[in-house]
Amino acid sequence: MGSRRFTGLLVGMFAGLLIWAAHFVLVYGLTGLACARGLGGATLLGVALVPAAIVAATLAALLATGAVWLAAWRGGGPAGEGRDETVRFVRWLTAGFAGLGLMSILWVGLPALQVPVCA
Amino acid sequence: MTERGDESAVPLPPPGTLANPGPRPPEELQRLERAWACPTGWRFLTVVNNSYVGVIYIGTAMLFFVLAGILGLLIRVQLAVPENDLIGHAAFNQYFTVHGTAMMFLFAVPMMEAFGVYLLPAILGARDLPFPRLSAYAYWTYLIGGLAFFASLLFRLAPDGGWFMYPPLTSYVFSPDVNADIWLLGIGFIEIAAIAGAIEMVVGVLRTRAPGMSLDKMPIYAWALLVLAGMIIFAFPAIIVATILLELERAFHWPFFMAEKGGDPLLWQHLFWFFGHPEVYIIFLPAAGLVSLMVPALARHPLVGYRWIVLAIVGTGFISFGLWVHHMFTTGIPTLSLAFFSAASMAVSVPSGIQVFSWIATFGRGRITWTVPSLFILGFLFIFVLGGLTGVMVAVIPFDWQVHDTYFVVAHFHYVLIGGMVFPLFAALYYWWPQLNGQTLSHRLGVWAFGLMFAGFNIAFFPMHLTGLLGMPRRVYTYPAGLGWEWLNMISTLGAFILAAGVALVLFDMLRRFGLRGRVDADPWDAGTLEWLPSDNYGTRSIPLVHTRDPLWEQPDLARQVDAGHHFLPGPVTAAGRETLITSPLDARPQYVMRLPGPTWVPLLAAVTTAAFFLLLAFKLVAIAIVAGVLTVVLYCVWMWGSDQGEDEPPVDIGAGIRLPVDRSGPQSHSWWGVVTLLLVDGTGFAALVWSYVFLWTVSPEVWPAGDARMAPLWWLAAGAALWVAAGGCFAWARRALRRNAHGMLRLALLAGLGVMGAAYAATLYPQWGVAGLDPTEDAYAAIVFALLSWQGFHVGVLTVMVLYTLARSLSGRLHAQRRLTFDNTMLMWGYMVGQGLVVIGLIHLFPRAVG
């Protein structure tokens, strides 16, 4: 197995946590930029844009991570080319990381509903 | 058990197979011993074997622990009574800065890496780490840099801006002397050692495991080191970039952190803590990994929840990157942003909790033995959990606002760090000490030492929670009487000395019983992991076939079989003599035999010149520094010249009818994996720089160009980008020529590549000062543009050396289609550099136009 195929396997295995990281960067970057430009309170048709965008990003990230979890749980996910027990281990971890990702994404996304944006 | 196709590896023999069942020829062991003999006398300095480098590495880290600890005691003496004038404020500032910096950079991280260097090959069943000379080089840079750093105290030149060196205090206006430069350049280059260690760990864990040790059978400690390495790869570049930017500001007045010129001191805080928070876990996770190795042996029960611990270690590693702003809750960052970090700070306690419960469950299921390591582990659990609880408290934003920069925080992080790392470390020192010479440390003294350390620690640091809540700020050299802080401070000081007495007792016992024997044949704990196999300078006599997580418990007679040479590779198979097995990353199936280098002076010499380069720069002795830098590059080339011997040996028999090639090139080779890991470090550093660009634009859009003013015409972008692509094309051309062994064409392509790369860089650099007229001292925009250009320029310089070296290999007949590691490494770097060049030129030309 060369470095590229192994990297692919790692990316698949860590998918849940990588989605968490991407979501984190997105919501943090969006909030920081909106506040720096005075757009923290911007609304569209009465809906506060920043919290709405964060909720949307959170839902999308939850869906994607949920899909990773489901695929791994059903025996899909990064198959690799190892022996059966190694592959089962990798799948269990894939599902586990996705579970941890789900919890963390939800946890990080929830404040958008509770906390003022730029105060 | 199904074997899926992996053309690069051979199938594993079934469990229980003896690879070499017959008696071994008597001279085989002698040849193995001769090949791995430790150099004696003054030539000991040339040693590269991990068993020796690891031990002196651990010893050096202990030395810095003691020195930094003495500074801690001096701090406590100064604070014992109010209005004390024993140590002046200037010296006090230096003491706490050096105490914190040394504990983190010279003790905690290096100690964990040192343990990795020592233990990793043994627990994996390898003969050595994949890059032994790199470990030796890392060690020597660390030793010289660390000693120079402490020596600066003697001349009152030590840094005094706190371990996190916040600008503007540490920039040229408020810290004009060299103190801050000693930190930036002195500590900056020691990070080379950390990164070198990370590359060793990644390649070591993934490629040098004993056959059969698939990912699901790897000791937890190996997982911890893998995550440690991953975290170093993604965290350390941020501090390296921060260090470079602050040094550029100090030396050349490029205003990255000066608000009046569009810079922002918060940029430093972001970069520092993006490194600084994961740093805590970089320290804690390997220590927790050591605990996971020790607990099963001490509880006489396999680790409960193996998979959950792996999940927890990796999860902690990831989430720890989402915590950095919790060190910046009082800096005026938007409330919602703070809430993200508060949430992540609480989320990270979940995986940490999983590990703690798992250890408790293992102790509960097994039968705890009341040895000194057990005591230290129980002490660790108690102290670390308390530190974790106060961690959740300071993750609550309003609470943090109250206690930020008070002694409450000092108490919290000492509970986490001393609890999470120092107590496991002392458990580990007691546990693995018998590996040195077969002797165990004194149980009686150990119990006393533990009692003093545990009591002393809590007496010293628990009261600090209260002094903090009573409002005592950190880093004050004295305080007035009458604020209710006096008796708490006095108790803390007493506790610190009790803690120190405990440490001194351990050191006394260690000095009494020190001795290096090479041979390991004691297993006093009746442990299940491979490092307790009988071993010598060469590691184990033969490399075991593993099919369980605790092989010494579950594979009866393994120790005898391995020591009698009945497993893989029982003796030297090449002229080099020093070899180890490279196995596949997932299932650890044998792939090839790797030749390892023996003793050499080069790592030590290169470390001396590297240290000279950085330290002379700190003292502004630029001309001599450049000489040292050139010498370093020459030494690197000398170092590499003997490597890349090509696939010149016929396949060799390692046992069980398996014949393996000797050394490999291409994506399977350990060298390729090492360079890819290095490029990840490089790419992360570049990402930190690009992030700095965007951050500065976010805070100071007014200094960014509006319209076409201060911008070069777009055709410069087209020309530059085309030249970068052409430079990449030259290398593709060279690769084709090498594959056909067309050496003239190869050299022509390499030379053309050098020329085109130079032109591409010129077309990227020139328009910024020649056409747009940017002056990097003018504002933060110009400064960050020139920082990006300098970064790319550095890479062009490195590539130039690499291409010239590749040409030299070609001209001396050391480069052809079957001997091409040098070329492959240069090619990987080249591809990366071209991609980076395109991003740099695209960002500089397009970003201001897109947002302007």
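These legends describe close-up views of a predicted model. Residues are numbered from 1 along each chain as its sequence is written, and chains are lettered from A in the order in which they are written. Local features need pLDDT of at least 70, side-chain atom pairs count only at pLDDT 80 or more, totals for interfaces use all residues, and side-chain values use heavy atoms, with hydrogens and water left out.

**View 1. The interface of chain B and chain A.** Chain B brings 55 residues to the contact and chain A brings 47 residues, where contact means heavy atoms within 4.5 Å. About 4,500 Å² is buried between the two chains, with 72% of this area given by carbon and sulfur atoms; buried area is the accessible area (1.4 Å probe) that two parts lose on being put together, summed over both. B:Phe318, B:Leu336 and B:Phe340 supply 16% of the area that chain B buries against chain A, more than any other three residues.

**View 2. A salt bridge between A:Glu85 and B:Lys217**. The side chains of these two residues meet at 3.1 Å, N to O, and the count between chain B and chain A is 1 salt bridge, defined as a side-chain nitrogen of Lys or Arg within 4 Å of a carboxyl oxygen of Asp or Glu.

View 3. B:Ser671 is buried, with a relative accessible area of 11%, since buried means under 20% relative accessible area (1.4 Å probe, protein chains only). Leaving aside neighbours within four places in sequence, B:Ser671 is in contact with B:Phe131, B:Leu821 and B:Asn825.

Notes
Buried means under 20% relative accessible area, exposed over 50%, partly exposed in between (1.4 Å probe, protein chains only).
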